[in-house]
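Please read the following account alongside the sequence and the coordinates.

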Amino acid sequence: MSPARARATDMQARQPQTSLPRVLVLATGGTISGKADTRSAIGYDAGAVTGEQLIAGVPGVEKLARLKVEQISNIASQNMNSQVWFHLAERIHEAFARNEADAVVITHGTDTMEETAFFLDIVTGDSRPVVLTGAMRPSTAISADGPANMYEAVKVATSPQARNRGVLVVLDDTIHAARWVSKTHTTALETFRSRNAGPVGMADPANVRFFTPPRAEIHLPLSQNHVLPRVEIIYAHADMDADQIDEAVKNGARGIVIAGMGDGNVSEEALSGLDRAVKAGVVVVRSSRVGDGFVNRNVEVDDDRHELVASLDLNPQKARILLQLLLADGRNAPTDIQKTFGRDY
């Protein structure tokens, strides 16, 4: 047995064996696991505290569930990568297949939380709750928000209403669906918003309330070789040329996501570069750098003629993940990919 599994077993043994639901906590690091650093008034080092230490600092959480904690990684979320995603996904599949847990809570840094949540939302495919949480202030900060977020994440995960909702994100008393949630402020506690849709619920130490009914989610298989195809995000701007587009194709990209201006627009020169990419067999998705609103088909850009995909509600980082998983599943026809991007619309 690995040291992490042994520690998890010891912690579980110390808790009273009651009829409480079983929650597997998978720790990955991030600000919630950070410690303050003297380099500035708000400086800190992410991933300095273990998952077990986090749980130990949350008063009353042991009354909500029987907790088993495992350390998947302990990294700052800017270092999150697909190998950790695969590890998380496979551990969740294993835990549910073996009936080890009734729900999973993942502690995670906020910078890439929406990407991890969206990836897991697509590949998990189980009715049991998976909830991500984190913090905007490190564990040693004045008024650290991690303990409250952790408590509410466990409370949401153990709620019967949380089933059949895909992966959820819980911070700042708010419950978000993985498809909609985005980080919108660099440092504010209320940084997470569900753009275009709004949150799916609210939570506090006493209550969990959902505003919307459960909805069907996209489900795609995990890549067996743990490799995702190369998909580049290219940021559009004034005076844009096609150099980055041509370079992405040269470097072996199988997909390109444009973080376009406005409704996913690019300059005429860049659009010519996208035409060259499509002719080379690269799938191109138009998203937007704006943040709110949908990227619609055939408005200023003739998507049908250029064989482009419109991302609709998905921001560039989520569009990239969905495109990677579709390409990994052998789906590379723009019309087929467009149907998956727009399956709810």
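Among the contacts in the protein with a separation of 6 or more, 71% join residues 24 or more positions apart, a contact being heavy atoms within 4.5 Å. The model is a predicted one, in which local features need pLDDT of at least 70 and side-chain atom pairs count only at pLDDT 80 or more, whereas totals for chains, interfaces and linings use all residues. Residues are numbered from 1 along each chain as its sequence is written, and side-chain values use heavy atoms, with hydrogens and water left out.

The protein has 10 helices and 16 strands; these are DSSP runs numbered from the N terminus, helices being H or I of at least four residues and strands E of at least two. Of its 345 residues, 53% are buried. Here buried means under 20% relative accessible area, exposed over 50%, and partly exposed in between, with a 1.4 Å probe and protein chains only.

Which residues have the most contacts inside the largest nonpolar core? They are Ile 106, Phe 119, Leu 120, Leu 132, Leu 322 and Phe 341, in a core of 49 residues. Helix α3 (residues 82–97) supplies the largest share of this core, 8 residues. Another core, of 28 residues, lies apart from it and includes Val 25, Leu 64, Ala 162 and Val 200. A nonpolar core is a set of buried Ala, Val, Leu, Ile, Met, Phe, Trp, Tyr and Cys residues joined through side-chain atoms within 4.5 Å.

Two packed helices are described by the angle between their axes and the distance between the axes. The axes are lines fitted to C-alpha atoms, for helices over the stretch in contact, and angles run from 0 to 180 degrees between N-to-C directions. Helix α9 (residues 316–328) packs against helix α10 (residues 334–341) at about 130 degrees, the axes being 11 Å apart. α9 is therefore oblique to α10; angles under 35 degrees count as roughly parallel, over 145 as roughly antiparallel, 65 to 115 as roughly perpendicular, and the rest as oblique. The crossing of these helices, α9 and α10, is right-handed, meaning that the near helix is turned clockwise from the far one by less than a right angle, anticlockwise being left-handed. Ala 319, Leu 322, Leu 323 and Leu 326 of α9 make the contact with Ile 337, Thr 340 and Phe 341 of α10.

From α4, the residues Glu 114, Glu 115, Phe 118, Phe 119, Ile 122 and Val 123 meet Gln 317, Lys 318, Ile 321, Leu 322 and Leu 325 of α9.

Thr 116 is in helix α4 and is buried, with a relative accessible area of 0%. Leaving aside neighbours within four places in sequence, Thr 116 is in contact with Met 80, Trp 85, Leu 88, His 108 and Leu 132. His 306, in helix α8 (residues 303–306), is buried at 8%. Ala 280, by contrast, is exposed, with a relative accessible area of 52%, and is found in the loop between α7 (268–279) and β15 (283–288).
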